[in-house]
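The sequence and structure are shown first.

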Amino acid sequence: LVRVASELDDIESFDATFFDIPPREAELLDPQHRLFLETAWTALEAAGIDPASDRRPIGVFAGTSFSIYSLAHVLPSGADLSALGGLLGSDKDHLTTLVSYRLDLEGPSMAVQTACSTSLVAVHLASQSLLAGECDVALAGGSTVVLPRRGGYYYQEGGLQSREGRVRSFDERASGTVFGSGVGAVVLKRLDDAVRDGDLIHAVLLGTAVNNDGAARV
């Protein structure tokens, strides 16, 4: 047993009133969606963007994991899902449109699903959308909450998980990864626009691309 875990605190906490979400709907909403909605707002706020007054098209590109929360908590509860639109609030396809709806964002809203590379591919798609003029600002990121919480995992030789509980990317000592919970989002703009607006620029993307190893991936 490798006693290493990557977990998030207070995953049950959510300011539903702030987003004008009824209590019962908030209860049924997957924590992955709740956390990403809060993170999206925080990212825009840090970028000095108020969606209520800034009417430029803002796109959202992100992905999330399968909703274990729905299987473990929502469905067994016997809740009347028909009155709440089924499980749309917890479906992977509706992560970005939830954000676009609740924050009134009118740019492209695209759910991305490429397994472990989801958030990076979201950045690529957001960049392409900006370059194509589909939006002037783009949110890109992802959200994963692993349930049930565990205090570690069992290492298996030849498996995906790290032997010693450490991730050593591009290192000859690498023995695997450590799966865990996390949420993140970045705000992207065309460089000329960011300079013109006097934005605090943390990094500049020189280029992005997507490929696939095909049958050689193993």
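## Basis and sheet

Two strands are taken to pair if DSSP finds at least two bridges between them. Helices (H or I, at least four residues) and strands (E, at least two) are DSSP runs, numbered from the N terminus. The model is predicted: local features need pLDDT of at least 70 and side-chain atom pairs count only at pLDDT 80 or more, while totals for chains, interfaces and linings use all residues. Residues are numbered from 1 along each chain as its sequence is written, and side-chain values use heavy atoms, with hydrogens and water left out.

Four strands form an open sheet in the order β2-β1-β3-β4, and their pairing is mixed. The edges are held by β2 (109-111) and β4 (182-188); each has a single partner strand, so one side of each is left without a neighbour in the sheet. On average, neighbouring strands are turned by 10 degrees against each other, direction ignored. Strand β3 (residues 137-144) is joined to β4 by 7 bridges, and the two run antiparallel. Within this pairing, Gly-142 stands opposite Gly-184 of β4. With β1, in contrast, β3 pairs in the parallel sense, also over 7 bridges. There, Ala-138 in β3 is the bridge partner of Gly-59. Of the 8 residues of β3, 7 are buried (under 20% relative accessible area; exposed is over 50%, partly exposed in between; 1.4 Å probe, protein chains only).

Contact here means heavy atoms within 4.5 Å. Axes are lines fitted to C-alpha atoms, for helices over the stretch in contact, and angles run from 0 to 180 degrees between N-to-C directions. Helix α4 (residues 95-102) packs on the sheet and touches β1 (58-64) and β2, its direction making about 145 degrees with that of β1. Helix α5 (residues 118-131) also packs on the sheet, touching β1, β2, β3 and β4; its direction makes about 170 degrees with that of β3.

From its first C-alpha to its last, α5 reaches 20 Å with 14 residues, close to the 20 Å expected at 1.5 Å a residue; the expected span is 1.5 Å times one less than the number of residues. The buried residues of α5 include Val-121, Ala-122, His-124, Ala-126 and Leu-130, and the buried residues of this helix pack against β1, β3 and β4. After α5 comes Gly-133, whose phi is positive, near 80 degrees.

Leu-98 lies in helix α4 and is buried, with a relative accessible area of 14%. Leaving aside neighbours within four places in sequence, Leu-98 is in contact with Leu-29 and His-33. Its C-alpha is 9.2 Å from that of Ser-109, at a sequence separation of 11 residues.

## Nonpolar cores

A nonpolar core is a set of buried Ala, Val, Leu, Ile, Met, Phe, Trp, Tyr and Cys residues joined through side-chain atoms within 4.5 Å. The largest has 22 residues, and those with the most contacts inside it are Phe-14, Ile-21, Leu-37, Val-99, Leu-103, Leu-105 and Leu-139. Two or more residues each are given to this core by α2, β1, α4 and β3; the largest share, 5 residues, comes from α2.

Beyond its neighbours within four places in sequence, Leu-139 has contacts that include Ala-40, Leu-44, Val-60, Leu-105 and Val-186. A second, separate core of 11 residues includes Val-112, Ala-122, Ala-126 and Ala-140.

## Aromatic pairs

Rings of Phe, Tyr and Trp (its six-membered ring) pair if their centres lie within 6.5 Å; planes under 30 degrees apart count as stacked, over 60 as edge-to-face and the rest as tilted. The structure holds 3 aromatic pairs. In one of them, the ring centres of Phe-14 and Phe-19 are 5.8 Å apart with the planes at 5 degrees, so the pair is stacked. Phe-14 and Phe-19 are both buried.

Phe-18 and Trp-41 form an edge-to-face pair, at 5.1 Å centre to centre and 75 degrees between the planes. This pair links distant parts of the chain, 23 residues apart: Phe-18 belongs to the segment before α1 (23-28), and Trp-41 to helix α2 (residues 31-46). Phe-18 is partly exposed, with a relative accessible area of 46%, and Trp-41 is likewise partly exposed, at 24%. Phe-14, Phe-18, Phe-19 and Trp-41 together form one aromatic cluster.
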